[in-house]
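Me: I would like a close look at a single part of this model, with the cut-offs behind each term spelled out.

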Amino acid sequence: MNEENLAEMIIKCPACGIEGVAKSIMKELDIPHFGKVLETTIQCPSCGFRHSDVITLEQNDPAKYVIEINKNNLSVRVVRSQSATIEIPELGVKVEPGPKSEGYVTNVEGVLTRFEDAVKKALNLFEDAQSQENAKVTLNNIQELKKGNGTATLIMLDPFGQSNIVSENVEVSEIPEEELRELKTGFAHIEDN
Ligand SMILES: [Zn+2]
């Protein structure tokens, strides 16, 4: 994967409002068998704020991507836009787009790491024994998959066709009408009254 820095700017931090230290970096990534992706990362050393997003320059149709997570597919490239929903049904984990969701370019292992981090955070927040136990089982299952043990299914749905799983082992299909209606898009609703 080739990458090229297009621009680097010092901006006012969108989180803490401090001027002159937060950096916005725009990169162009060229992903084999897919195309060009623009990745923007904002980092603020003052408050620790970090946000990334990707825009794919090639527009696709809304699509559902399904790939088996197994030891041979861990390095498969995943482009997740801000508007995509990702889930692993066997583990009962799902990430839906929200105002804070990030777009990123990673691989199947990287997606598992993001779920792992989220479950670890949840584990610290749960107070009852049952929820903690469930989270520990999920965490263990994710870690086994990362080691290449066992299989599960990775499903990604993007109503705007900005995401992709780049592999000949991926199954691409249209998003069924009723599923499309229920998908969150990540856009906040603003009431005008
Ligand atoms: Zn800041």
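Which residues coordinate the zinc ion, and through which atoms?

Reply: This is a predicted model, in which local features need pLDDT of at least 70 and side-chain atom pairs count only at pLDDT 80 or more, while totals for chains, interfaces and linings use all residues. Residues are numbered from 1 along each chain as its sequence is written, and side-chain values use heavy atoms, with hydrogens and water left out.

The zinc ion is held at 2.3 Å by the SG atoms of Cys 13, Cys 16, Cys 44 and Cys 47, where donors are N, O and S atoms within 2.8 Å of the metal (3.2 Å for Na, K and Ca) and sites may look incomplete, water not being among the atoms. The arrangement is tetrahedral because the 4 donor atoms subtend angles of 104 to 116°; for four donors that term requires all angles to lie between 85 and 135 degrees. The spacing of the donor residues in sequence is C-x2-C-x27-C-x2-C. Cys 16, in the loop between strand 1 (2-11) and strand 2 (22-31), and Cys 47, in the loop between strand 3 (35-43) and strand 4 (50-56), are 31 residues apart and link distant parts of the chain; strands are DSSP runs (E, at least two residues), numbered from the N terminus. Cys 16 counts as partly exposed because its relative accessibility is 34%, and Cys 47 is likewise partly exposed, at 41% (between the limits of under 20% for buried and over 50% for exposed, with a 1.4 Å probe and protein chains only).

Strand 3 and strand 4 pair antiparallel over 7 bridges, pairing being counted from at least two DSSP bridges. In their hairpin, with 6 residues between the strands, Gly 48 has a positive phi near 85°.

Key:
Tetrahedral: all angles 85-135°; square planar, octahedral: opposite > 155°, others 65-115°. Helix = DSSP H or I, 4+ residues; strand = E, 2+ residues; numbered from the N terminus.
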